[in-house]
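Work through the exercises below with the sequence and the model open. Each task is followed by a solution in steps.

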There are 2 protein chains.
Amino acid sequence: MITKYRFGTPVIDTEAVVVRQPEAAVFQKGDDVSIPGFSAAVVDANLQTDGSVRRFGVTKQLPRKDAWQFTLELHDGDRVYGLGEAQRGMNKRGWLYISNNVDDMYHTESKYNLYGSHNFLIVERADGSDGNVAVFLDDPGVCRFDVGYTDKDKLIITASSLNFDLYFLTGADNSKKPLSITREFRSIIGQSYIPPKWGMGYGQSRFDYFTDADIREIARRYHENGIPLDMIYLDIDYMVHYKDFTVNTDAFPDLTRLTTDLREQQGIRLVPIIDAGIKVLEGDETAEEGIANGYFCTKEDGTPFTGAVWPGLSYFTDYLNPDARKWFGRHYQFLLDQGIEGFWNDMNEPSIFFTNETIRRAVETAEKIGIKDNYTIEDWQAVTAASAGMGEQMQYYDQFYHTVNGRRICHKDVHNIYGYNMTRAAGEAFEEICPDKRILMFSRSSYIGMHRYGGIWTGDNASWWAHLQQVIKQQPGLNMVGLMFNGSDTGGFSGNTTEDLMTRWLEFSIFTPLFRNHATENTRLQQLYLFKDLKSIGNIVGLRYAFLPYLYSEYVKAALNNDMYMKPLSFVYEDDPAAKEIEDQLMVGESIMITPVVNQNASGRNVYLPEEMRMIRFRSAEDYDTEVVPAGWHYLPCKLNEVMVFLRRGHLFPTAAPALSVAALDEQNLKVYAFGDGSYQLYQDDGVSKDFANPEHLKTIKVTDGTVSADGLNLTLR
Amino acid sequence: MITKYRFGTPVIDTEAVVVRQPEAAVFQKGDDVSIPGFSAAVVDANLQTDGSVRRFGVTKQLPRKDAWQFTLELHDGDRVYGLGEAQRGMNKRGWLYISNNVDDMYHTESKYNLYGSHNFLIVERADGSDGNVAVFLDDPGVCRFDVGYTDKDKLIITASSLNFDLYFLTGADNSKKPLSITREFRSIIGQSYIPPKWGMGYGQSRFDYFTDADIREIARRYHENGIPLDMIYLDIDYMVHYKDFTVNTDAFPDLTRLTTDLREQQGIRLVPIIDAGIKVLEGDETAEEGIANGYFCTKEDGTPFTGAVWPGLSYFTDYLNPDARKWFGRHYQFLLDQGIEGFWNDMNEPSIFFTNETIRRAVETAEKIGIKDNYTIEDWQAVTAASAGMGEQMQYYDQFYHTVNGRRICHKDVHNIYGYNMTRAAGEAFEEICPDKRILMFSRSSYIGMHRYGGIWTGDNASWWAHLQQVIKQQPGLNMVGLMFNGSDTGGFSGNTTEDLMTRWLEFSIFTPLFRNHATENTRLQQLYLFKDLKSIGNIVGLRYAFLPYLYSEYVKAALNNDMYMKPLSFVYEDDPAAKEIEDQLMVGESIMITPVVNQNASGRNVYLPEEMRMIRFRSAEDYDTEVVPAGWHYLPCKLNEVMVFLRRGHLFPTAAPALSVAALDEQNLKVYAFGDGSYQLYQDDGVSKDFANPEHLKTIKVTDGTVSADGLNLTLR
């Protein structure tokens with residue numbers, strides 16, 4: 001059951017929810033708000049109850065002064081799931097999460113917010129009572145979720161203001177079980193994006209100046225070394241002066257020919273980046289068109305707002321304006337026409353490096369100090385503060401405006417849906433330009449609702465074991481809000497990777513729908529063919545392709561059925577108390593559990609099995625050992641070149657022979673791992689068109705008395 | 001056996017080694033160097049074999065251009081122990097470690113160097129062959145230890161230059177076992193510092209402006225809440241303008257009275273900070289004395305070098321000059337005379353925030369850009385680079401000089417022994433001022449040798465679970481080089497802690513010899529009485545005091561016997577392959593193993609027992625449950641308020657009743673935990689004087705047929 005409360009008048013319909021719910025009540029400031037379990041009050045959002053927020057250093061991330069706050073008592077052992085991309089554990093208890101999308105590449109444990117905001121959470125009571133609570137705060141402004149941070153026994157939700165929608169869910173069956181609630185939530189926010197099948201291949205990316213020759217060299221060296229590859233990504237240097245929808249013809253004299261050659265010769269796609277900012281440039285067609293039509297965000301006085309990003313001072317398209325969205329989306333055609341079939345949308349929190357005002361302030365600060373013989377510590381503090389101050393992005397979000405239905409809305413009040421609407425601009429355009437073809441699309445910033453138009457990557461992580469551990473813990477939250485198409489920068493974006501970290505990271509990423517190796521400039525090159533044990537690395541990437549019949553099938557079915565592609569163990573084994581604490585294992589689809597090794601120099605790990613399972617320890621698709629492991633805890637060896645997969649009894653795990661690209665996969669001849677008799681619905685389609693509901697796409701594989709069968713497939717039992 | 005090779009002419013005797021070893025050979029550039037297992041060559045240290053170092057972003061941390069490089073082949077499963085304070089695992093394999101002491105408070109996995117340099121490591125071969133190798137590179141300059149980072153199968157040691165000593169060790173018994181090698185190494189570097197016993201109590205610290213009244217309030221509130229406390233630390237704000245050896249009398253009108261009151265009323269000591277820099281200030285006695293006598297580091301031209309730290313532009317005492325060391329050390333008397341009995345030496349890498357040159361460059365950069373209508377991305381890059389550039393401390397280490405025996409030595413060539421010699425200055429002074437009394441002393445920066453004069457804290461960590469995990473992994477390395485008196489900023493220095501993190505961190509820190517809660521300004525206050533579950537927190541700190549008879553005894557015995565106070569399991573269970581991979585458990589002294597819970601929201605953990613042990617799960621000294629746990633892996637519950645201790649068969653674990661201070665502990669009446677019959681040598685002394693060798697300090701406790709006995713102690717068996 002879903003109960004929707006409206007507070008005040010939301011400044012905009014976020015369109016996170018597409019199946020409209022009736023309002024059970026509408027509350028205004030001053031009303032006595034009664035929501036079971038919660039106490040509600042309008043507070044001065046600048047202060048926590050104990051006046052502590054200022055002291056906690058989050059003053060730049062405050063909601064509007066007057067805001068509703070909802071408080072729920074937590075008890076020992078209660079767990080909190082959700083909050084999408086947020087950091088920390090699968091159980092979110094013990095931290096403050098701020099919904100305030102930000103470009104911040106240092107994802108340490110100190111941080112309160114990342115690139116996306118996903119205000120959906122479920123409180124699961126430890127006593128198994130009827131007290132589970134699920135909340136979706138549909139509020140595009142700066143909200144706070146204090147999950148036992150200020151007071152370890154309180155969940156304190158602070159909305160951005162007095163105007164938003166608040167949903168409570170109990171599941172369609174009213175069971176209040178987390179999975180049931182999640183599926184009910186997903187049923188009202190619309191179907192998750194389904195990528196082209198090749199978009200679930202492996203991709204190589206790097207923030208570097210690559211030319212046509214470099215790209216061809218990467219493609220060649222991958223295949224020469226027997227390592228599969230489906231995508232090569234282009235970061236910002238492919239453009240002319242970082243202008244969206246331009247191609248530097250010095251580096252890429254004939255992009256169409258390059259895309260054609262790559263696709264035809266090796267089944268490889270080129271995937272360029274699109275940034276949110278449009279360069280301020282007199283005479284530039286895009287900039288002038290945007291200005292002429294009022295498509296850019298403005299200052300309070302209605303003149304265009306500019307902030308600097310990679311292209312220098314830039315305009316920010318007002319993606320909340322449907323006309324502007326349409327206009328921006330149409331520009332993707334420029335690249336689609338050159339054989340491009342996928343994109344990644346970046347810098348769309350939006351990231352702002354500085355404005356004329358903040359850099360001028362830094363210059364003035366320095367000028368005031370001037371040249372002298374001896375400097376003081378105060379001089380130094382002033383210079384460094386002015387420099388660092390430019391990067392505090394939140395200060396800019398009060399300074400510009402959107403125009404929706406003729407009404408000017410301050411960006412801060414709708415901040416968290418900006419990236420979502422950039423990606424929506426692309427998604428809506430693709431629907432018009434090529435309605436029958438899937439285009440690869442994922443974004444850095446997001447909000448609930450964006451999952452209908454594309455996926456995300458988990459942003460600018462680092463070459464840290466901690467970040468490999470983190471992305472595993474992010475999966476339940478992301479899957480709950482429909483952002484199932486996601487993946488991390490495998491090997492780590494910043495910092496220098498090591499061969500063992502890359503290997504272990506690959507061993508997890510072969511299970512994430514988005515599977516990309518990406519790194520920033522001035523770091524160790526991490527194209528896979530540059531490492532030492534190429535055979536093992538090739539075998540691991542090969543496993544992704546071997547597993548793809550299953551992974552793709554599970555992904556599409558989860559999207560079509562509002563299910564989760566990856567689940568925490570506790571969502572499946574709902575009554576197993578031990579399963580609830582497992583934060584480094586995941587259920588992938590209906591058949592398998594994965595247990596990645598995520599500690600340096602570990603040659604094995606402790607694994608928890610909620611039930612007896614069949615373990616298959618793969619070194620390659622053809623080199624594996626297997627044994628039945630009883631329920632409970634086990635320390636299991638898992639060498640650097642090994643990947644463990646645990647198959648549930650009565651379930652099947654269909655696999656193919658590895659290939660160098662998705663296009664080259666033979667999905668008629670499958671090897672099916674079984675654990676006892678069972679049956680499996682295999683989803684197969686052409687990977688490109690959109691008639692997902694066609695019943696011919698589903699094939700039933702059956703294992704009966706040790707014999708496997710399915711119409712039209714050639715199956716071998718393993 | 002110890003083999004010492006000399007290369008060239010070391011620029012200085014570091015005095016890390018105090019039991020001089022004969023030179024087996026002296027090598028000059030051009031010599032054919034034959035060291036078993038290693039290949040040796042003089043290389044251009046600006047480049048790795050594959051030219052990769054520049055690309056890896058460590059160009060600012062290069063040795064001198066001409067340097068000896070030693071390469072050893074590693075095989076699958078070989079482990080590398082050591083490198084003291086260095087980050088990452090107990091097994092150091094898979095990273096690049098640079099010996100280049102630095103003040104860097106962001107200890108992420110990307111970092112190559114921390115505050116101390118400890119160039120001692122042991123390679124343990126996986127095949128159990130005779131091929132174990134132990135190396136001590138006695139080189140105070142910038143060295144690199146590439147432990148399977150560039151090439152996963154190579155250990156590449158790059159010295160700072162052509163001039164240093166290189167030691168190889170096989171253990172006194174020639175067994176090549178890691179513990180035997182470690183003890184042999186310790187036997188030549190001198191006995192570890194032993195603190196006053198009260199220095200192993202619990203201490204509260206914070207970087208904040210505290211006054212006399214604040215200090216008294218902290219003392220009062222601790223004891224009012226039944227939480228023990230032995231020390232309150234003073235950070236830099238107690239001084240006048242951050243000038244060493246001054247006291248701000250506005251905040252502390254009568255320091256002697258305060259120290260007297262605290263000690264007499266509650267047994268609490270005040271422990272002030274001493275920074276490395278001396279404020280440049282005309283008319284200031286300390287500054288002018290130092291200048292007049294040539295006690296400060298100079299520029300190449302012999303005039304004093306200045307760099308800015310907290311006091312603003314400062315001089316840096318030339319601690320390598322014995323006269324300067326003596327002069328600086330004498331100043332501690334000013335505080336000793338006011339009842340102070342302990343200090344912490346900080347900023348002694350040395351930290352340098354800026355120099356007149358670098359801040360002027362930042363100002364000039366801004367001035368050149370000037371005020372204009374529109375700024376470019378290049379303007380922004382220039383401003384931010386100039387600001388960030390001030391903080392790149394390594395650039396300063398080429399710019400100043402020491403004068404040793406009339407010879408001018410560039411700081412870079414002796415950089416890593418600077419903090420060591422500041423602490424030596426203090427230690428040598430204490431020996432003169434109060435030869436019969438122990439003074440508490442620990443430092444941020446260190447080098448091997450400093451362990452004779454004091455301990456360290458592990459620097460400016462953060463309120464991250466990752467940093468709780470890290471300090472556990474640092475223990476083997478630190479104990480190997482004698483820095484057994486160490487501890488971390490419990491709860492975390494930067495960022496905001498949470499009650500659960502603080503609780504779990506306390507549960508580990510009760511076992512580290514230095515046990516301090518410290519945090520920086522503008523973070524959540526983390527005095528323990530401010531948390532919610534005060535009863536549990538008080539009980540946990542109480543356990544430290546209950547365990548102190550054992551912990552102190554083990555500490556002193558380890559120091560006297562060149563043993564390790566904390567050991568990795570593999571140093572004790574040398575033939576247990578599973579024990580070798582355990583990186584989150586430690587042996588503490590001879591009797592117990594600890595297994596801290598270090599993951600948020602975990603209510604238990606997997607524990608590996610190399611042998612059957614008796615587990616005692618403490619909620620307080622009087623509230624515990626106990627059971628015998630068989631050898632092998634076990635998942636064991638351990639709630640937030642619980643601490644597990646594992647007692648080895650045949651060993652004893654003597655404990656006292658908790659008290660509010662070390663002085664108040666009753667160590668005549670002990671509760672002795674036993675697992676079967678056994679005996680234990682309990683070291684007890686007055687905790688202050690230095691006649692450690694007095695045989696009366698050792699009392700033998702025996703448990704025979706279930707009865708416990710020891711002369712002069714009242715014992716209860718548990």
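## Exercises on a predicted model

The structure is a predicted model.

**Exercise 1.** Describe helix α2 of chain A: its span, its buried side and what covers that side.

Solution. 
- Step 1, span. Helix α2 of chain A runs over residues 212-224, which is 13 residues. From first to last C-alpha the helix reaches 18 Å, close to the 18 Å expected at 1.5 Å a residue.
- Step 2, burial. The buried residues of α2(A) are A:D212, A:I215, A:I218, A:A219, A:Y222 and A:H223. Because they cover an arc of only 130° around the axis, they are on the same side of α2(A).
- Step 3, the general rule. An α-helix has 3.6 residues a turn, so residues three or four places apart point the same way.
- Step 4, cover. The buried residues of α2(A) are covered by elements of chain A including β13 (202-204), β14 (231-234), α3 (255-266), β15 (269-275) and β27 (515-517).
- Step 5, the end of the helix. Just after α2(A), A:G226 has a positive phi of about 70°.

**Exercise 2.** Classify the packing of α7 against α8 in chain A, and list the residues in contact.

Solution. 
- Step 1, geometry. Helices α7 (residues 356-369) and α8 (residues 377-390) of chain A pack at an angle of about 170°, and their axes are 8 Å apart.
- Step 2, class. Angles over 145 degrees count as roughly antiparallel, so α7(A) is roughly antiparallel to α8(A).
- Step 3, contact. From α7(A) come A:T358, A:I359, A:A362, A:T365 and A:I369, and from α8(A) come A:D379, A:A382, A:V383, A:A386 and A:M390.
- Step 4, composition. Seven residues of this contact of α7(A) with α8(A) are nonpolar, two are polar and one is charged.

**Exercise 3.** Carry out the geometry and composition steps for α7 and α8 of chain B.

Solution. 
- Step 1, geometry. In chain B, the axes of α7 (residues 356-369) and α8 (residues 377-390) come within 8 Å and cross at roughly 170°. That angle makes α7(B) roughly antiparallel to α8(B).
- Step 2, composition. The contact of α7(B) with α8(B) has seven nonpolar, two polar and one charged residues.

**Exercise 4.** Where does B:A558 lie, and is B:A558 buried or exposed?

Solution. 
- Step 1, location. B:A558 belongs to helix α13 (residues 534-560) of chain B.
- Step 2, burial. The cut-off for buried is under 20% relative accessible area, and B:A558 has 4%, so B:A558 is buried.
- Step 3, contacts. Setting aside neighbours within four places in sequence, B:A558 contacts B:R186, B:M484, B:D563, B:M564 and B:Y565.
- Step 4, a distance. B:E590 is 32 residues from B:A558 in sequence and 9.6 Å away in space, C-alpha to C-alpha.

Definitions and conventions:
Residues numbered from 1 in each chain as written. Chains lettered and ligands numbered in written order. Predicted model: local features only at pLDDT ≥ 70, side-chain atom pairs only at ≥ 80, totals over all residues. Heavy atoms only, no water. Helix = DSSP H or I, 4+ residues; strand = E, 2+ residues; numbered from the N terminus. Expected span 1.5 Å × (residues − 1). Buried < 20%, exposed > 50% of the residue type's maximum accessible area, 1.4 Å probe, protein only. Arc of directions from axis to C-beta. Contact = heavy atoms within 4.5 Å. Axes fitted to C-alpha atoms, helices over the stretch in contact; angles between N-to-C directions. Parallel < 35°, antiparallel > 145°, perpendicular 65-115°, else oblique. Nonpolar A, V, L, I, M, F, W, Y, C, P; charged D, E, K, R; others polar.
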